[in-house]
Amino acid sequence: MTSAFTGTGADYSEKIPNNVDLHEDRRLQRALESWQPNFLNWWDSMGPTLRTRDVYLRTAVNVGREGWAHFDHVPMRDYRWGIFLAERNPDRPIGFGQHIGEPAWQQVPGEYRAELRRLIVIQGDTEPASVEQQRNLGATAPSLYDLRNLFQVNVEEGRHLWAMVYLLHAYFGRDGREEAEELLHRNSGSADSPRILGAFNEETPDWLSFFMFTYFTDRDGKYQLGTLKESAFDPLSRTCEFMLKEEAHHMMVGTTGVDRVVERTAQLMVEHDTDDAGPHGAVPLSVIQKYLNFHYSVSLDLFGGDTSTNVANYYTAGLKGRWSEDRRKDDHKLTSDAIMVDALVDGEIGQNEVAALVGLNTDLRREYIADCQSGVNRWNRILESAGLPQRLKLPHVAFNRKVGAFAGIEASPDGEILSADDWKQRKSAWLPTDVDKTHVRSLMQPVYERGKIAAWIAPPRNGINGKPFDYDYVHLP
Ligand SMILES: [Fe+2]
Ligand SMILES: [Fe+2]
């Protein structure tokens, strides 16, 4: 730690920055302080591998409407990971399920303890996982601006781990503390103790993958947090509400990252009058489409089965709501409603009607899909304004699925069912091949000079916090 944070006169309670009056609960404070060195060990051994002197980072210092964040150059290890919950609304009622209208819970009801702990652990597990997946990307950053954004996402995912660990320590006693340890022991891609969800065990080997990950997979996180923000368990709700604020930057990194890759590819396609910008130092549009196909389909799997009685129970109990629950114009109980969900009907891709409660994963996935489509539209406008006829598209919901109704079949991006043999022969046209990945990786030469950028990507339109693109966002040793 630098002297600014732990030097003489530093407030002891600031060792873990927080807005939850941690100093008033010495037992909890001690428990978290004993977890802190384990977290730092994890950060040192599993966090970013590129050595840096300091990084221009945003740190959460408050949760209010104005000025919740502070920007400064800080050594990453001294980032002030802390515990920040959105402000408490003392009159907040439960917004859905069988307890609708009752006051939100400030403690965990005994009957829902196991389920709530599970939901928090699953969310918590994804946060450090993405840091692990992205740990080597610093070696190939296209610019200092991008390098800084990567590290910003990394430290905030670390803070999100803190957010979940706080809930486990504060509300789940000994089992909570054990789960908090486990969150540091599981590792992305590990053979013995992998992360809980599939997409978080995939590697993020290059920057196109990083942008696709932050666009598609982090966006799944946004939707999951959105459902937990509705929770009747108020501390979870307030935690997630604040995390969503930080997530907006992660979404921006993904959206504008893909923008800039598409923009550069389009430029070179026009300049050289060709469909294939690969030989001219960019990522071919066909490869961008394959990466999109991959990241979108594995992210769809994160929403779980098309029907789920667990999720129905979570909703009825008030543990997990819907996206924009308060904007829905129904009874917020859904006991007599129905929904059409994706299904195999007589071996064909179709839909079945099920009880709305059981179809809540589908409801959330559809919100997500509509949001993803807006990104694709945006990238297509870039192609259009370059004067190109090509377009990107989201593959069919049945494409490359490992979870849900279509896990057992193979389908093309257009939604045509394929035999196993057909799939094997044709999938290299739709998913990144080793050749594609090797080519993308070969483009990833690091650029650490102020104001310079790699040839495969366009510079950003704006810098960070009003700073120009050529600002010294990162100081290397
Ligand atoms: Fe996160
Ligand atoms: Fe995120």
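Serine 324 lies in the loop between helix H9 (309–317) and strand S3 (338–345) of this predicted model. Although serine 324 is not a glycine, its phi is positive, at about 50°. The relative accessible area of serine 324 is 15%, and the residue is therefore counted as buried, since buried means under 20%. A positive phi is also found at asparagine 400, which is not a glycine either; here the value is about 55°. Asparagine 400 belongs to the loop between H10 and strand S5 (410–411). With a relative accessibility of 7%, asparagine 400 counts as buried.

Asparagine 400 is in turn among the residues touched by leucine 431. Leucine 431 is placed in the loop between helix H11 (420–426) and H12, and at 12% relative accessibility it counts as buried. Leaving out residues up to four places away in sequence, leucine 431 touches Lys290, Asn293, Phe294, Phe399, Asn400, Trp423 and Asp436. Leucine 431 and arginine 219 are 212 residues apart in sequence, and their C-alpha atoms are 21 Å apart in space.

Asp436, one of the residues touched by leucine 431, is part of helix H12 (residues 434–443), where Asp436, Val440 and Leu443 are buried. These three residues cover an arc of only 55° around the axis, which means that they lie on the same side of H12. The spacing of such residues follows a general rule: an α-helix has 3.6 residues a turn, so residues three or four places apart point the same way. On the other side of H12, Asp434, Val435 and Thr438 are exposed. The cover over the buried residues of H12 includes helix H6 (207–228) and helix H8 (285–301).

Helix H6 also packs against H10, at an angle of about 140° and with the two axes 10 Å apart. At this angle H6 is oblique to H10, because an angle has to be over 145 degrees to count as roughly antiparallel. The crossing of H6 and H10 is right-handed. On the H6 side, the residues that meet H10 are Tyr215, Phe216, Thr217, Arg219, Asp220, Lys222, Tyr223, Gln224 and Thr227. Their partners in H10 are Leu364, Glu367, Tyr368, Asp371, Cys372, Ser374, Gly375 and Trp379. Sorted by class, this contact of H6 with H10 has 7 nonpolar, 5 polar and 5 charged residues.

Helix H10 (residues 360–385) packs with helix H7 (residues 234–271) as well, at an angle of about 25° and with the axes 9 Å apart. H7 and H10 are therefore roughly parallel to each other, and their crossing is right-handed. From H7, the contact involves Thr255, Thr256, Val258, Asp259, Val262, Glu263 and Ala266, while H10 contributes Arg378, Trp379, Ile382 and Leu383. In terms of class, 6 nonpolar, 2 polar and 3 charged residues make up the contact of H7 with H10. Trp379 of H10 takes part in the contact with H7 and also meets H6.

The loop between H7 and H8 holds threonine 274. At 22% relative accessibility, threonine 274 counts as partly exposed. Apart from residues up to four places away in sequence, threonine 274 touches Leu268, Met269 and His280.

A further helix pair is formed by H3 (residues 113–133) and H4 (residues 144–171), which pack at an angle of about 160° with their axes 8 Å apart. H3 and H4 are therefore roughly antiparallel to each other, and H3 passes H4 in a left-handed crossing. The residues of H3 in this contact are Arg113, Arg117, Ile120, Val121, Gln123, Gly124, Glu127, Pro128, Ser130 and Val131. Those of H4 are Asn154, Glu157, Gly158, His160, Leu161, Met164, Leu167, Leu168 and Tyr171. By class, the residues of the contact of H3 with H4 divide into 9 nonpolar, 6 polar and 4 charged.

Among the strands, S1 (residues 54–60) contains threonine 59. This threonine is buried, with a relative accessible area of 8%. When its neighbours within four places in sequence are left aside, threonine 59 is in contact with Trp68, Ala69, His70, Tyr79 and Arg80.

Notes:
Residues are numbered from 1 along each chain as its sequence is written. Chains are lettered from A and ligands numbered from 1 in the order in which they are written. This is a predicted model: local features need pLDDT of at least 70, side-chain atom pairs count only at pLDDT 80 or more; totals for chains, interfaces and linings use all residues. Side-chain values use heavy atoms; hydrogens and water are left out. Axes are lines fitted to C-alpha atoms, for helices over the stretch in contact, and angles run from 0 to 180 degrees between N-to-C directions. Helices (H or I, at least four residues) and strands (E, at least two) are DSSP runs, numbered from the N terminus. Angles under 35 degrees count as roughly parallel, over 145 as roughly antiparallel, 65 to 115 as roughly perpendicular and the rest as oblique. A crossing is left-handed if the near helix is turned anticlockwise from the far one by less than a right angle, and right-handed if clockwise. Contact means heavy atoms within 4.5 Å. Ala, Val, Leu, Ile, Met, Phe, Trp, Tyr, Cys and Pro count as nonpolar, Asp, Glu, Lys and Arg as charged, and the others, Gly among them, as polar. Buried means under 20% relative accessible area, exposed over 50%, partly exposed in between (1.4 Å probe, protein chains only). The arc is that of the directions from the helix axis to the C-beta atoms.
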